Amino acid sequence: MTEQQPHRFERGTDGPKVIVAGLDGSDSSMRAAAYAAGLARRQNAMLALVYVQPVMTAGAALGVPVSGATGEVAEDLVSEIRAATERFSDAWDMRWEFHTFRGDPYNGLVTAADELKADAVVVGASESAGHRFVGSVAVRLVKAGRWPVTVVP
């Protein structure tokens with residue numbers, strides 16, 4: 001019979017330290033960011049808001065310049081986030097960062113979660129009908145099984 005060791009509680013180590021929230025400007029991604037902000041505030045975690053800039057879109061394939069457009073989306077998202085933090089300064093009393101990564105949304109979020117050492121990932125549910133056939137970013141993140149993933153409708 002082996003002797004059972006008493007459970008040792010470690011103060012301050014429970015819960016996530018970094019929560020990654022994927023943003024793309026859609027309503028569901030903004031709800032996901034708000035949900036992640038609440039989690040981060042309650043858990044005293046760092047909130048990493050991540051926008052993945054597409055490398056190439058259909059417009060780029062046809063010769064339409066898009067590199068500036070994705071940068072503008074990132075700047076617009078930062079402006080929206082900053083405005084929200086000013087309006088709700090008490091509610092947003094937490095640590096947060098905004099990051100941009102390049103690539104497709106799934107691989108960009110995987111890279112972000114790995115580089116930022118995420119303990120959890122929060123994304124909005126897909127608003128695209130095509131994802132029923134191909135699979136949404138959220139489903140792919142869940143299937144990867146590397147972090148707890150919360151999908152916000």
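Setting aside neighbours within four places in sequence, S29 is in contact (heavy atoms within 4.5 Å) with G22, L23, D24 and G124. The model is a predicted one, so local features need pLDDT of at least 70 and side-chain atom pairs count only at pLDDT 80 or more, while totals for chains, interfaces and linings use all residues. Residues are numbered from 1 along each chain as its sequence is written, and side-chain values use heavy atoms, with hydrogens and water left out.

S29 sits in helix 1, residues 27-43 (helices are DSSP runs of H or I with at least four residues, strands are runs of E with at least two, and both are numbered from the N terminus). With a relative accessible area of 4%, S29 is buried (buried is under 20%, exposed is over 50%, partly exposed is in between, using a 1.4 Å probe and protein chains only). The S29 side chain also gets to the backbone nitrogen of G25, at 3.3 Å.

Five strands make up an open sheet, ordered 3-2-1-4-5, with parallel pairing (two strands pair if DSSP finds at least two bridges between them). Strand 3 (96-102) and strand 5 are the edges, each pairing on one side only. From one strand to the next, the twist averages 25° (axes are lines fitted to C-alpha atoms, for helices over the stretch in contact, and angles run from 0 to 180 degrees between N-to-C directions). Four parallel bridges join strand 4 to strand 5, and V122 has T150 of strand 5 as its bridge partner. Helix 4 packs on the sheet, touching strands 1, 2, 3 and 4, and its direction makes about 150° with that of strand 2. Helix 6 lies across strands 4 and 5, at about 160° to strand 5.

As for the nonpolar cores (sets of buried Ala, Val, Leu, Ile, Met, Phe, Trp, Tyr and Cys residues joined through side-chain atoms within 4.5 Å), the largest has 20 residues, and V20, L109 and L141 are among those with the most contacts inside it. Helix 4 gives the most to this core, five residues. Beyond four places in sequence, L141 touches residues including Y106, V121 and W147.

There is one salt bridge (a side-chain nitrogen of Lys or Arg within 4 Å of a carboxyl oxygen of Asp or Glu), and it joins the side chains of R146 and D114 at 2.5 Å, N to O. R146 is in the loop between helix 6 and strand 5 (149-152) and D114 is in helix 4, so the pair ties together parts that are 32 residues apart in sequence. R146 is partly exposed at 46% relative accessible area, and D114 is partly exposed at 36%.

Definitions and conventions
A polar contact is a pair of N or O atoms within 3.5 Å; within protein, one must be able to donate a hydrogen and the other to accept it, and residues adjacent in sequence count only if both atoms are side-chain atoms.
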